[in-house]
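Hi,

Here is the structure I said I would pass on. Have a look at it first, and my notes follow below.

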Amino acid sequence: MNRARITTLALPILVVLGSVVVLLILAGTNPWDPIRIIVEGSIGWPPFEGGSARKVGDTFMVWVPIALASAGLIVTFNAGMWNIGIEGQIIMGAIAAALVAREVSAPRPLLILLAILAGAAGGMLWGLLVGVLRTAGGVNEIFGGLGLDFVALSITTYLIIGPWARSGVASTSGTNPFPDNALLPSLGGSKLSPLAVAIAVLALLGVWTLFRGTLYGLKLKAVGRNRSSAFLMGIPTNRYLLGAFAICGALAGIAGTSQALGLHFKLIPAISGNFGFLAILVVLLARFQPIWVAPISFFFAMVAVGGPGLSLRLGLHGSLGGVLQGVLVLSAMLGLGWAAYLTRRRAMTESGVSSG
Amino acid sequence: MSGFFTAFLEMFDTATISSIVAGASALMFATMGETISEKAGVINLSVDGSMMLAALAGFVIAFETDVVWLGFPAAAAVGMAVALLIAFSNIKLGLNQIAVGFVLFALSTELSRFLGNSYVGRPPVGVPAWDIPGLSSIPFFGPVLFDHNLVVYLSYLTVIATYLLMYRTRKGLEMQGIGERPEAAHARGIPVNKLRYFYTALGGALIGIGGAAFSLDVKLGWSDRPTRNLGWIVLAIVIFGGWHPLRAAIGVLLFGALQAFAINLIPEFPSLSQVLPSIPFPAMILALVVVNWKALLKWLDRYPFLRAILRSDPPTAIGTAFEVD
């Protein structure tokens with residue numbers, strides 16, 4: 001490992017640790033405590049020992065939607081699209097899955113299969129809408145997506161206080177719990193659903209394969225790198241963009257299904273858990289590599305599950321976890337950018353010397 | 001249906017219009033800031049977060065010192081710092097503006113929650129009312145425009161100043177040049193990247209002032225994520241306004257009117273009371289669909305007058321880094 005490589009890796013980590021420590025000292029606590037509380041609250045301390053099954057289950061069920069959304073975002077990012085509409089796609093997936101869970105009666109395996117397919121379809125529809133606005137309407141995908149995020153949120157609130165209101169009092173705390181028959185099967189004593197975890201792993205493997213070994217993935221990348229050249233090469237760019245949004249939307253929709261039927265067991269206003277936006281951070285930190293998405297999402301899931309414990313135990317606001325994630329991603333980006341800048345500058349001075 | 005009509009009529013009430021103008025100040029500053037930054041070629045996507053963090057800084061400084069006006073420079077400094085980070089990472093490091101902006105949005109939102117937690121529910125500090133003597137007694141225009149406070153009047157001045165700077169000065173021509181054709185500007189001897197730093201910082205400072213205007217004037221005090229989603233609206237309005245300060249200002253007022261209208265509708269449709277206040281957000285952003293609709297724009301091209309009013313083309317070099325070879 002050469003020196004530049006070490007600086008590249010070490011600098012962001014040092015900056016992160018440094019800034020977090022400073023932040024914690026400013027907030028008046030010992031920097032080690034929050035880290036232990038986050039680990040303890042998410043996977044137990046010592047990790048994965050007996051008695052922490054419930055926490056570990058929760059952490060995995062938070063990992064599933066983040067990993068699924070990240071897998072989808074890798075596809076849209078490679079196509080050169082900023083799919084900020086991912087939040088809305090997760091929400092619509094959750095709504096579609098909730099509709100099946102509430103209205104359809106079928107044997108459990110069939111019902112769950114239907115709910116997952118419905119969730120994927122709901123997310124895909126919302127993703128395609130962003131894509132159509134972009135390709136046919138010329139609306140920048142960031143704003144089309146944001147608009148549809150707001151629409152999806154409004155629909156959720158409307159359903160929860162309107163047609164799907166809890167029996168007795170309508171409140172924004174959520175709908176009635178779904179029938180047990182529709183919930184994702186989980187391991188005893190926790191919410192951990194092997195099915196959901198398997199789907200998330202398959203999605204990451206699928207996206208990895210897509211960009212490693214398929215012509216479709218290669219063409220999608222070409223569209224993302226340089227749309228006009230791709231078009232001149234005979235790639236139907238609009239169709240590929242829509243394809244990317246459809247894939248991402250479907251994966252986000254399954255993430256929403258997992259949120260509704262695997263974690264909350266009812267529809268709540270904040271059903272997306274902000275995991276779509278979190279997944280954007282994950283993908284940026286993973287530099288669009290599916291292999292890195294898995295561990296980084298797991299770390300983010302640990303922070304999300306263990307973070308709320310901070311306020312109970314230390315009186316620190318639970319948002320400290322979010323701050324940590326943000327600082328981590330920002331310093332990694334700046335660190336890598338800085339290293340690349342140094343390399344560029346060195347190359348420039350060297351070529352200057354040789355030619356002069 | 002009659003309820004809808006009554007709510008619509010109430011919109012033309014002097015008091016309603018006056019409150020729309022007063023409530024628009026925060027968005028007005030931030031929108032002008034973002035317009036300047038984007039015009040010079042740098043998208044500050046962090047607005048939703050940096051405006052929030054600035055709102056917190058403004059409130060905290062005003063609360064701790066008990067001098068409300070000190071909150072504004074503090075907020076401007078926060079907005080400027082975030083904006084400079086975006087400019088630096090793009091200009092110097094060649095990173096994507098959208099990526100850095102999004103990360104900074106997330107980070108500053110969470111920071112505002114973390115650092116602001118102990119200020120939730122503290123007694124508010126507000127800008128004192130000041131009706132301009134003489135002007136405020138003009139019928140209709142007096143109460144609508146001149147019966148507010150200094151922050152609101154400064155928001156008008158900022159709009160006018162932004163317009164004059166952009167379209168009536170040499171500096172403004174340079175600003176447009178570095179956003180449209182940086183190579184050409186560079187060839188004419190204009191320091192492209194230096195000016196981009198300057199205008200991004202200026203824009204960030206205005207976004208920060210927008211945050212302080214919110215926590216010290218529009219909705220006093222601090223709560224969890226008080227300016228939530230307003231930053232995204234700012235970004236939408238800049239596009240809606242076609243990167244023109246006066247059109248953007250109209251966009252801000254339209255958004256305020258939409259919000260007031262949604263609130264007016266609540267008594268008529270009580271069952272939708274939770275949903276109505278959030279309707280202006282999708283409505284505003286979906287309005288972009290209309291102004292960007294390709295078929296409509298093609299049709300408009302046949303009518304030069306309408307085209308000038310409605311067409312909006314982004315600065316050509318927006319979002320790209322400029323490197324001197």
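To start with one residue: is A:Asn274 buried, exposed or partly exposed? A:Asn274 is partly exposed, with 13 other C-beta atoms within 10 Å. On the terms, a residue is buried if 20 or more other C-beta atoms lie within 10 Å of its own, exposed if 12 or fewer, and partly exposed in between, with C-beta atoms placed from the backbone. A:Asn274 sits in the loop between helix H10 (237–264) and helix H11 (275–285) of chain A. It is not a glycine, yet A:Asn274 has a positive phi of about 65°.

Before going further, some housekeeping. This is a predicted model, in which local features need pLDDT of at least 70 and side-chain atom pairs count only at pLDDT 80 or more, while totals for chains, interfaces and linings use all residues. Residues are numbered from 1 along each chain as its sequence is written, and chains are lettered from A and ligands numbered from 1 in the order in which they are written.

Chain A first. It has 14 helices and zero strands; helices (H or I, at least four residues) and strands (E, at least two) are DSSP runs, numbered from the N terminus. The C-alpha atoms of chain A fill a box of roughly 85 × 60 × 30 Å along the principal axes. A compact globule of 356 residues would have a radius of gyration near 21 Å, and the 22 Å of chain A agrees with that. That radius is taken over C-alpha atoms, and the globule rule is 2.2 Å times the number of residues to the power 0.38. Of the 356 residues in chain A, 52% are buried. Among contacts in chain A with a separation of 6 or more, 75% join residues 24 or more positions apart. Two residues count as in contact if their C-beta atoms, placed from the backbone, lie within 7 Å.

Chain B has 16 helices and zero strands. Its C-alpha trace spans about 60 × 55 × 45 Å along the principal axes. For 325 residues the globule rule gives a radius of gyration near 20 Å, and chain B agrees, with 20 Å. Buried residues make up 50% of chain B, and 77% of its contacts with a separation of 6 or more are between residues 24 or more positions apart.

How do the two chains meet? In chain B, 35 residues are in contact with 35 residues of chain A. The elements of chain B that give two or more residues to this side are helix H6 (97–116), helix H12 (230–240) and helix H14 (280–292). H6(B) gives the most, with 12 residues. By class, this side of chain B has 24 nonpolar, seven polar and four charged residues. Here Ala, Val, Leu, Ile, Met, Phe, Trp, Tyr, Cys and Pro count as nonpolar, Asp, Glu, Lys and Arg as charged, and the others, Gly among them, as polar.

The largest nonpolar core has 225 residues, and those with the most contacts inside it include A:Leu68, A:Leu251, B:Val103 and B:Ala236. Such a core is a set of buried Ala, Val, Leu, Ile, Met, Phe, Trp, Tyr and Cys residues joined through C-beta atoms within 7 Å. Leaving out residues up to four places away in sequence, A:Leu68 touches A:Ala200, A:Ala203, A:Leu251, A:Ala252, A:Ile254 and A:Ala255.

Now some helix packing in chain B. H8(B) (150–168) and H9(B) (170–180) pack at an angle of about 75°, with their axes 5 Å apart. Axes are lines fitted to C-alpha atoms, for helices over the stretch in contact, and angles run from 0 to 180 degrees between N-to-C directions. H8(B) and H9(B) are therefore roughly perpendicular to each other, a label for angles of 65 to 115 degrees (under 35 is roughly parallel, over 145 roughly antiparallel, and the rest oblique). B:Leu165, B:Met166, B:Tyr167 and B:Arg168 in H8(B) meet B:Lys171, B:Gly172 and B:Met175 in H9(B).

Last, B:Trp243 lies in the loop between H12 and H13 of chain B. It is not a glycine either, and B:Trp243 has a positive phi of about 60°. B:Trp243 is buried, with 21 other C-beta atoms within 10 Å.

Best wishes
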